[in-house]
Amino acid sequence: MFKTLDSAVPVACWACSIGHNDSTLFCPHCSKIQPPPGGDYFSVFGIEPKLNLDLAALEHEFHRLSRRLHPDRFARAQENEKEWSLADTALLNDAYRTLKDPLRRTEYLLKLLGAEIGEENSGKDRKDPSRVPADLLEEVFELNMQLEEMRANRKMDEEDPALEASLASAKDKFDGMLAAVDDDLRGEWELWDAGGAAARGASQRKMVALLDRRRYLSNLVRDVNEVLGA
Amino acid sequence: MAEGRVVGIDLGTTNSLVAYMEGDAPVVIPGADGSNLVPSVVALDPMPPNGSRPTVTVGNSARKALIQTPERVIYSVKRLMGRSLQEVHDELKLFPFRLAGDVEEGEVPRIQLGELRFTPPEISAYILRQLKRNAERYFGAPVTQAVITVPAYFNDAQRQATKDAGRMAGLEVLRLVNEPTAAALAYGLNRAKEGTIAVYDLGGGTFDISILKLRDGIFEVQSTNGDTHLGGDDIDNLLLAIALDEIHAEHGVDLRLHPGAVQAVRKAAIEAKIRLSTEQVAHFDIELPNGDRYQREIPRDVFELLIEPVLARTAGPCKQALADAGITPEQIDEVVLVGGSTRIPAVRELVDELFHLSARGKKPHIELNPDEVVALGAAVQADILAGASKSTEEMLLLDVTPLSLGIEALGGVVARIIQRNSTIPASATEHFTTGVDGQTNVAIHVVQGEREMAADCRSLARFDLKGIPPMSAGLPRIEVKFLIDADGILHVSAREQRSGKAAEIEVKPTYGLTDEQVESMILDSFDNAESDFARRLLIEARNEAETILAAVERAPLSPAWAQLRGEEQSAITTARDRLFQAKAGEDAAQIREATLALDQATRRFAELMMEAAVSSALRGKTMDSAGEELAEAVTAPHAMAPAEFK
């Protein structure tokens with residue numbers, strides 16, 4: 001399932017030639033920096049995949065590794081070490097950025113497990129209509145009508161306080177739904193972290209659905225904000 | 001240190017500086033004129049009569065040429081770095097420089113200076129070379145490695161242009177550091193500080209705001225924002241435009257037709273601006289070409305009203321940076337002010353408001369000279385990179401990329417692959433495939449910016465993934481890796497995964513110089529090679545020797561000579577003969593040593609001459625300095641160029 005320390009391919013250290021497994025940033029024998037390891041983001045920090053993370057410990061480890069890996073420490077090193085320092089630090093930074101943020105962390109873990117989910121932070125599937133949650137269909141239809149009307153009003157420089165109030169209350173409602181999704185997600189983290197294979201499978205399916213719903217809701221909130229703030 | 005010193009350079013819009021770590025404190029290296037600031041002004045000297053290439057001067061002397069030969073001088077070139085032809089056109093509306101006529105869209109713009117044309121990185125290279133020389137003169141040893149600062153909000157092209165300039169000047173640029181971050185390093189040195197700080201950096205041409213978290217010597221940038229078209233220049237141009245309009249209206253003189261006169265007014269505008277930081281009113285008093293005088297009072301409140309829109313443009317980036325860092329103004333523990341424009345009281349008031357400072361009983365940090373703090377920080381970073389010093393070994397800077405990186409997707413929409421404010425180095429991997437059977441090329445367009453449409457972002461590069469094995473549409477799986485390095489510069493690599501073939505890619509920067517072009521622009525100078533440097537030292541040492549020898553030659557004509565004892569006279573002759581011999585050899589160190597010995601031997605002679613000539617106040621000086629001080633009062637024994645080697 002995960003590429004862990006045990007399953008990693010053994011390789012020889014470039015500097016001391018002693019073999020080590022492929023998921024380490026430094027040679028365990030001579031401490032020299034190694035090319036980017038094969039493991040996942042969790043393994044960069046030497047932790048098992050899980051969803052509830054001790055963020056203070058994560059930051060501490062991030063700083064500790066940065067001190068050893070950062071290109072600033074290799075400014076006058078030989079070319080291959082420079083190159084690996086750059087690649088390893090990019091990996092460390094990518095891993096930290098992903099794991100410290102609860103949503104990115106959840107998305108990442110689910111993707112590792114093979115789930116197909118949209119990307120929260122990319123414009124790519126923003127307008128994909130196939131992912132409208134069924135229970136929201138009617139409201140979204142209504143909301144989109146109101147948004148269109150509001151945009152038209154803006155263009156004509158007309159005011160419609162009733163419409164504005166209705167949009168504002170829709171936004172509050174969707175904000176509330178977002179908060180509920182976040183609560184549910186946190187609940188699933190507990191289940192996943194503590195659960196066996198079966199419980200995890202069920203939890204994963206729920207989280208994929210929750211993330212879809214969340215992304216959809218936050219796009220709606222953003223659209224409403226755009227129109228109201230315009 | 002075998003590899004020589006690493007210096008820190010602040011390549012500024014208005015002034016540039018070079019600094020280094022002396023022990024555990026950064027210090028600015030002065031130029032030959034004793035000044036810490038080298039004005040970022042480059043002038044082309046008059047064409048020599050024999051038609052050879054005119055020489056280039058930098059700094060204060062170039063600034064003097066600005067009024068006499070404005071068509072041969074350029075300043076504020078930083079605003080043109082890494083910019084496209086169109087952008088440069090917009091920029092040049094405010095500046096008197098002429099674009100070379102034959103530049104085509106897509107090429108790096110060139111500026112016409114007298115008979116010659118220069119790209120902005122070449123102009124910057126001349127400034128860098130001057131700083132390099134100042135440092136070499138100070139150390140008496142070659143300097144080949146540097147850290148150069150750039151505005152945090154500089155994009156990829158602007159960063160690359162700065163790095164190119166370093167290479168042209170014969171410097172290996174070990175790191176580009178963001179200016180506000182450098183300032184934070186300078187302030188954070190030797191202070192076991194923890195907390196969140198904001199650096200507000202309003203310089204000559206650029207504005208940056210950075211928010212950093214300090215912890216255990218790690219300076220972790222949380223967010224950065226800014227405007228690379230905003231600074232003191234804009235304020236100068238406002239005052240200048242008003243003066244020119246008024247002169248036109250009141251005196252019927254259109255100074256815009258007289259570039260030299262415009263520069264004179266610009267100088268007066270800058271002086272007025274500076275005065276208004278400490279006084280309530282400033283005066284314009286300018287003599288016009290027709291003999292009239294333009295006289296005007298500018299009270300501070302009028303000035304503040306005038307610059308209000310310029311300053312207000314810094315508020316948006318500050319708020320965005322706070323939002324991106326996920327904090328409120330109250331969570332900022334300290335604010336650091338950087339850049340000469342932060343001396344303006346109205347700027348300090350705005351900062352106070354933005355970060356709720358006085359309301360919380362706080363004041364912004366202004367202890368370090370706002371003109372020097374960035375260079376001092378660059379020196380700290382240089383010391384970190386050199387890795388040989390106790391005072392910086394615990395320090396580490398973790399900076400971010402200021403702008404999101406994206407690729408143009410279907411319909412011209414941007415798909416973001418690296419978000420702004422991601423810690424660098426940062427990477428992203430994207431997969432591409434083909435849309436047509438047998439297709440062997442895929443075109444990719446990389447952009448930088450926050451807008452939804454690629455056309456509204458800054459185009460960084462277009463490239464083709466070539467050599468894809470012919471397969472059915474959608475079958476190839478090309479993995480492209482985007483990596484932003486610690487300088488904030490993008491690197492791209494690609495691989496076709498099904499065949500395992502590394503796809504050939506040629507990244508063509510949308511704007512910027514090719515490697516070959518940079519190579520061809522490396523400044524022809526003594527600075528490039530070690531042997532050239534040794535040659536320069538030898539030439540300088542010989543020049544010094546000749547100056548003092550010529551003076552000693554004339555010595556017996558002076559009445560003071562007769563006052564010397566016989567053994568003193570023979571000591572001078574011996575030292576003179578030794579120097580004569582040394583000068584014929586190739587050893588610069590030996591020549592300098594013999595020069596110094598002769599200078600010592602003539603010490604009493606110099607004293608006697610001074611006594612005879614002026615006051616006893618100058619007693620104890622060597623002939624060298626006596627010569628300088630007496631140069632105007634009496635016929636000096638010699639005016640030797642100061643030997644600065646330590």
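**Helix 6 of chain B**

Helix 6 of chain B runs over residues 232–251. In this predicted model, its length can be checked against its residue count. At 1.5 Å a residue, its 20 residues should span 28 Å, and the end C-alpha atoms are 28 Å apart, so the two agree.

Which residues of helix 6 of chain B are buried? They are Gly232(B), Asp233(B), Asp234(B), Ile235(B), Asp236(B), Leu239(B), Leu240(B), Ala243(B), Leu244(B) and Ile247(B). Their cover includes two helices of chain B, helix 7 (259–275) and helix 8 (300–312). It also includes strand 16 (281–287) and strand 17 (293–299) of chain B. After helix 6 of chain B comes Gly252(B), with a positive phi near 65 degrees.

**Ile127(B)**

Helix 3 of chain B, residues 120–139, holds Ile127(B). Is Ile127(B) buried or exposed? It counts as buried, because 26 C-beta neighbours lie inside 10 Å. Leaving aside residues up to four places away in sequence, Ile127(B) touches Leu11(B), Ser16(B), Val38(B), Ser40(B), Val42(B) and Val58(B). Thr57(B) is 70 residues away along the chain, yet its C-alpha atom is separated from that of Ile127(B) by 8.9 Å.

**Two helix pairs**

Packed helices are described by the angle between their axes and the distance between the axes. One pair from each chain is set out here.

| Helix pair | Axes come within | Crossing angle, roughly |
|---|---|---|
| Helix 5 (137–156) and helix 6 (161–194) of chain A | 10 Å | 135 degrees |
| Helix 15 (566–584) and helix 16 (588–601) of chain B | 9 Å | 165 degrees |

Take chain A. Its helix 5 and helix 6 cross at roughly 135 degrees. That makes helix 5 of chain A oblique to helix 6 of chain A. The crossing is left-handed. On the helix 5 side of chain A, the contact residues are Leu143(A), Gln146(A), Glu149(A) and Met150(A). They meet Leu163(A), Ser166(A), Leu167(A) and Ala170(A) of helix 6 of chain A. By class, this contact has 5 nonpolar, 2 polar and 1 charged residues.

Now chain B. Helix 15 and helix 16 of chain B cross at roughly 165 degrees. They are therefore roughly antiparallel to each other. Helix 15 of chain B passes helix 16 of chain B in a left-handed crossing. Helix 15 of chain B brings Ala571(B), Ile572(B), Ala575(B), Arg576(B), Arg578(B), Leu579(B), Ala582(B) and Lys583(B) to the contact. Helix 16 of chain B answers with Gln590(B), Ile591(B), Ala594(B), Thr595(B), Ala597(B), Leu598(B) and Ala601(B). The class count here is 10 nonpolar, 2 polar and 3 charged residues.

**Chain A overall**

Chain A has 7 helices and 2 strands. Along the sequence they follow the pattern β-β-α-α-α-α-α-α-α. Of its 230 residues, 25% are buried. Among contacts in chain A between residues at least 6 apart in sequence, 52% join residues at least 24 apart.

**Where the chains meet**

The loop between strand 21 and strand 22 of chain B contains Pro425(B). The peptide bond from Ile424(B) to Pro425(B) is cis, with omega near 0 degrees.

**Positive phi in two loops**

Ser17(A) is not a glycine, but its phi is positive, about 70 degrees. Ser17(A) sits in the loop between strand 1 (10–12) and strand 2 (19–21) of chain A. It counts as exposed because it has 10 C-beta neighbours inside 10 Å.

Asp216(B) is not a glycine either, and its phi is positive at about 50 degrees. Its place is the loop between strand 14 (207–215) and strand 15 (218–227) of chain B. With 13 other C-beta atoms within 10 Å, Asp216(B) is partly exposed.

Technical notes:
Residues numbered from 1 in each chain as written. Chains lettered and ligands numbered in written order. Predicted model: local features only at pLDDT ≥ 70, side-chain atom pairs only at ≥ 80, totals over all residues. Helix = DSSP H or I, 4+ residues; strand = E, 2+ residues; numbered from the N terminus. Expected span 1.5 Å × (residues − 1). Buried ≥ 20, exposed ≤ 12 C-beta atoms within 10 Å, placed from the backbone. Contact = placed C-beta atoms within 7 Å. Axes fitted to C-alpha atoms, helices over the stretch in contact; angles between N-to-C directions. Parallel < 35°, antiparallel > 145°, perpendicular 65-115°, else oblique. Left-handed = near helix turned anticlockwise from the far one by under 90°. Nonpolar A, V, L, I, M, F, W, Y, C, P; charged D, E, K, R; others polar.
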